[in-house]
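Hello,

Here is the structure for you to look over. My notes on its charged pairs follow below.

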Amino acid sequence: MGKVFRYGDNIDTDVIIPARCLNIMDQKELASHCMEDIDKEFAQQIQLGDIIVAGANFGCGSSREHAPLVIKVSGVSCVIASSFARIFYRNAINIGLPILECQEAAERIKAGDEVTVDFNTGEIINHTRGETYRSQPFPRFIQEIMRAGGLMNWIRKGR
C-alpha cells in the first residue's frame, strides 16, 4: 500500500528531473531532485512504495531515461496516469518502473489516498475511498521485465 502524490496533465520530463541536474552521476543524489520544480517537498516526503497519480500525457517532453529512473530510485512503486507520453512509457518498461494507464483512477484518486495495485490483474484499490478501478495489465513478458528490474536485467537472466 502506498500514499498517493497527485499531479495534473502534461507533466514533462523537465519537471520530473530538471535538465540542470542531468550531470549528477549518483542515482540517489539525482533522485533527490525528482519533481522539485513542481513539488519542492516530494523528495523529502516520498516513502518506499508510494504512488504517483497523474492526468494525461505524463512524461512528455525530452526523451530521457533519467525521468523514469529518478521516480523509481526515489521509491515510487507505480505511476498511474490516464495516459503516458510514448517515449516515457517505453523508458519506464526498460528500467523496470511499473506504470498503469487508467482514466477512472487518474480522475478519482486524490493526493494522500492509500492505494494498492495488483499488476497481474490490473486492479487498483483505493482504500481511502473504498473504490476499485480496473486497468489493462501488461502482458506476462512485460510483467517479467518489470519484476526483473528492467529490460537489461531481464536479458541478463537469459530471457
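**Salt bridges**

Searching the whole structure turns up 6 salt bridges. Please keep in mind that this is a predicted model.

Start with aspartate 37 and arginine 20. Their side chains form a salt bridge, at 2.7 Å from N to O. The pair connects distant parts of the chain, 17 residues apart. Aspartate 37 sits in the loop between helix H2 (27–31) and helix H3 (42–45), and arginine 20 in the loop between helix H1 (13–16) and H2. Arginine 20 is exposed, at 54% relative accessible area. Aspartate 37 is partly exposed, at 40%.

Next, glutamate 131 and arginine 108. This salt bridge has its closest N and O atoms 2.1 Å apart. Glutamate 131 belongs to strand S7 (residues 131–134) and arginine 108 to helix H6 (residues 103–108), so the bridge ties together parts 23 residues apart in sequence. Glutamate 131 is buried, with 17% relative accessible area. Arginine 108 is partly exposed, at 39%.

Then arginine 129 and aspartate 113. Here the closest N and O atoms of the salt bridge are 2.8 Å apart. Arginine 129 is in the loop between strand S6 (123–126) and S7, while aspartate 113 is in the loop between H6 and strand S5 (114–118). That links distant parts of the chain, 16 residues apart. Aspartate 113 is buried, at 3% relative accessibility. Arginine 129 is partly exposed, at 38%.

One last point, on shared partners.

Best wishes

Technical notes
Residues numbered from 1 in each chain as written. Predicted model: local features only at pLDDT ≥ 70, side-chain atom pairs only at ≥ 80, totals over all residues. Heavy atoms only, no water. Salt bridge = Lys/Arg side-chain N within 4 Å of Asp/Glu carboxyl O. Helix = DSSP H or I, 4+ residues; strand = E, 2+ residues; numbered from the N terminus. Buried < 20%, exposed > 50% of the residue type's maximum accessible area, 1.4 Å probe, protein only.
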